[in-house]
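Morning, everyone. I'd like to walk you through one structure today, starting with its salt bridges.

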Amino acid sequence: MVDVHGSTGFSGDHDGFGVPLRLYNVLLGLAGRLDDSALSEARELVARSHLDDAAELTVGSLIAGRIPVRPSEQRELAQLLEMTRSEPALADQLTVVDDIAAAEHRFSRENEPDAGIGEALDRVLRVLPDLRSVHAVWRNTPAGSVPGPLPQRVVLVDIGPEAHPPAVAFRVADALRKAGIAAVVEVTGAGSERTSYHEGALSSGVPVWLAGPDTARADSVRAEPARSEPARTHVGPASVPAPPEPEPEPEPVRSAPPAPEPAPASSSSWTAEPPRSTSRSRGEGRRSRHSGRGQDADVPESSGGQLPAGGDQAEQGGQVVAFPQPSAEAEEDNRSAQTTEMSREEVAQLRAAIAQDKDKGMALASADLSADDLAQIPDLNLDDPQLADRDRKLLRELHAELAQRERAEAERLRSNGTGSNG
Amino acid sequence: MDPDVELACHELLLRLSGRLPDNLVWRFRDWLGEGAASTLARVLPKTLLKHRVDLDQAEYRLMVAGLIPHGADWHQVSSTLGVDAPSESGYTFTASTPNWVNSVDSAAAVIDATLRRRPEVGEVRDAWRQERGSGPEGAKRILLVTAVSGLPRLTGELQRVLRVLGDEAPCVEVLPTRFELPAYHSEALANSRFVCAGAAGAGQQLVPA
């Protein structure tokens, strides 16, 4: 029988790690090797504290599928079986291989893997503490011995130390399921490190939502009372652009009553598309970039501070992510992702969001442009640890594009003589 | 694995259709089909107890015959034997494909392509199950197959096919030719439609013509 008392070989040997987290981390390591149904069900069992069922489902599926595990994984599973009062001898039936070749998986960001996710997770993102980012991607390759349909949507959630990975995985998966979105949810962060599978998925993933620098704690957001006035602009990590408002603030937003529920008014955030109806105003602060897909640009008619106030740019909440997409064709609707196809109004939004540091001068002073026409482009802060390499790359691209647009705009105006009075 | 022991396990799992959640039933059948009976023996009795599923005497005998040889816990097995009369199934069945199913029934087409004239397979039918009192939107396909050999493995194979085609918790009922049908299967067959036929048991139709 497997020695269940020896070191597992896992880093840190789990001092201070509870059995649920250890079990969760085993499941995390099996992502891409075990079928997604087993992963999702086992994670739910962990979250609901049915630890023995989770351990047995995991081990049973590995045994039946003859899925190879490493010796350290076998020892860990044997320990977990024993600690959950299951039968540790089950681990003896595992197929143990010293050197497991990394499963080759193909991921794709084509065909909108993030469609609907922002809306589905609207409430989850506001309630659960210390969420950092959400990405989505399609996996085009099967996983495990009894794979489900392909492509498989993978939703990757990065969390901070105050979040509990099994709970987040379960709640996010549950919210997606209720919204009719089939997905497997991978939650990584402090204490639950990514594997190469997650890195591969993340490198191809579409960012759905990023927390702002001060939104590590959702409870701090919740603690703020709802306000009747428009909420403030939120910025994402580092210099993720978060355009505050495209137009003068619509009056209904200011005069509308506070949200009836303890919604994080301070978390109301920007979305490049015009805000939607009252029913969606709960999601202020953390918007999916698809939150308004397929809908016309409604005039805002409710409270909740969906549109950020003009010059006031206190950072509180997470925000929609608006990154350029490689498959940008046929995206002429009011999505917020099209930085390469942005209208003048959208560009103005982005400029205003980037121009949060009022102390910096305008770089294009020679062109006497109005505030709506130009905004300064501050230096990028790409040192934020919450940013993935890919996010940094996208930010650089976005920043460069904006700068180019500014220069072109200034040049055009100069050549036309419309903005020069000196 | 001893064929009689394996068949006892298979029949027990057949009788649990509609009584345990689908996601557990298909998984346990997959384990049996892959030869992981000892894993099943350690997990199934406890699962039945947790889900408060009592076995009648015939089912209990199947469990003893099928799982005790593979190391099932006697205490748990003993506790599964119930004394109350079995409760009525909470499902109804219909042969009509729900409207929400795509007019192109890929699953039926693939099943036909896979099982047609297959030596160990008899008749193949399907029915749609829905919970009593609920609408057809939650209807679920129940695949009913007769086979003369390799039942657990055929079950696993068909489950994998249906999963890839989008049914994450497939209901595949591979019935032995000599099998006293539980009410669940009788009702499903009575409200099923023909899909295809294998080569086995040409005269053994699940539903009289």
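Predicted model: local features only at pLDDT ≥ 70, side-chain atom pairs only at ≥ 80, totals over all residues.

Let's start at a contact between chains. A:Asp35 forms a salt bridge with B:Arg27, and the closest N and O atoms are 2.8 Å apart. A:Asp35 sits in the loop between helix H1 (19–29) and helix H2 (36–47) of chain A, while B:Arg27 is in helix H2 of chain B, so this pair joins two chains.

B:Arg163 touches A:Asp35, and its other contacts in chain A include A:Ser37, A:Val146, A:Pro147, A:Gly148 and A:Pro149. B:Arg163 has a relative accessible area of 1%, so it counts as buried.

Helix H2 of chain B covers residues 22–33, which is 12 residues. At 1.5 Å a residue it should span 16 Å, and its end C-alpha atoms are 16 Å apart, so the two agree. How many of its residues are buried? The count is 11 of the 12, so H2(B) is largely enclosed by the rest of the structure. Among the buried ones are B:Trp26, B:Arg27, B:Phe28 and B:Trp31. Just after H2(B), B:Gly35 takes a positive phi of about 85°.

Next, two salt bridges inside chain B. Take B:Glu59 and B:Arg19 first. Their side chains meet in a salt bridge, 2.6 Å from N to O. The pair links distant parts of the chain, 40 residues apart. B:Glu59 is in helix H4 (residues 57–67) of chain B, and B:Arg19 is in the loop between helix H1 (3–15) and H2 of chain B. Why does B:Glu59 count as buried? Because its relative accessibility is 5%, and the cut-off for buried is under 20%. B:Arg19 comes in at 34%, so it counts as partly exposed.

The other one is B:Asp105 with B:Arg193. Here the N to O distance is 3.3 Å. B:Asp105 lies in the loop between strand E1 (91–94) and helix H6 (106–115) of chain B, and B:Arg193 lies in strand E5 (residues 193–197), so the bridge ties together parts that are 88 residues apart in sequence. B:Asp105 is buried, with a relative accessible area of 18%. B:Arg193 is partly exposed, at 26%.

How many salt bridges does the structure hold over all chains? The total is 35. In chain A, A:Glu44, A:Arg48, A:Asp174, A:Arg177 and A:Lys178 are linked in a network of them.

Last, chain A as a whole. It has 12 helices and six strands. Of its 422 residues, 58% are buried. Look at contacts with a separation of 6 or more: residues 24 or more positions apart account for 76% of those in chain A. The accessible surface of chain A comes to about 16,800 Å², and 48% of that belongs to carbon and sulfur atoms.

That's my tour. Over to you.

Technical notes:
Residues numbered from 1 in each chain as written. Chains lettered and ligands numbered in written order. Heavy atoms only, no water. Helix = DSSP H or I, 4+ residues; strand = E, 2+ residues; numbered from the N terminus. Buried < 20%, exposed > 50% of the residue type's maximum accessible area, 1.4 Å probe, protein only. Contact = heavy atoms within 4.5 Å. Areas by Shrake-Rupley, 256 points an atom, 1.4 Å probe, with all protein chains shown as cover. Expected span 1.5 Å × (residues − 1). Salt bridge = Lys/Arg side-chain N within 4 Å of Asp/Glu carboxyl O. Lists of a residue's contacts leave out its neighbours within four places in sequence.
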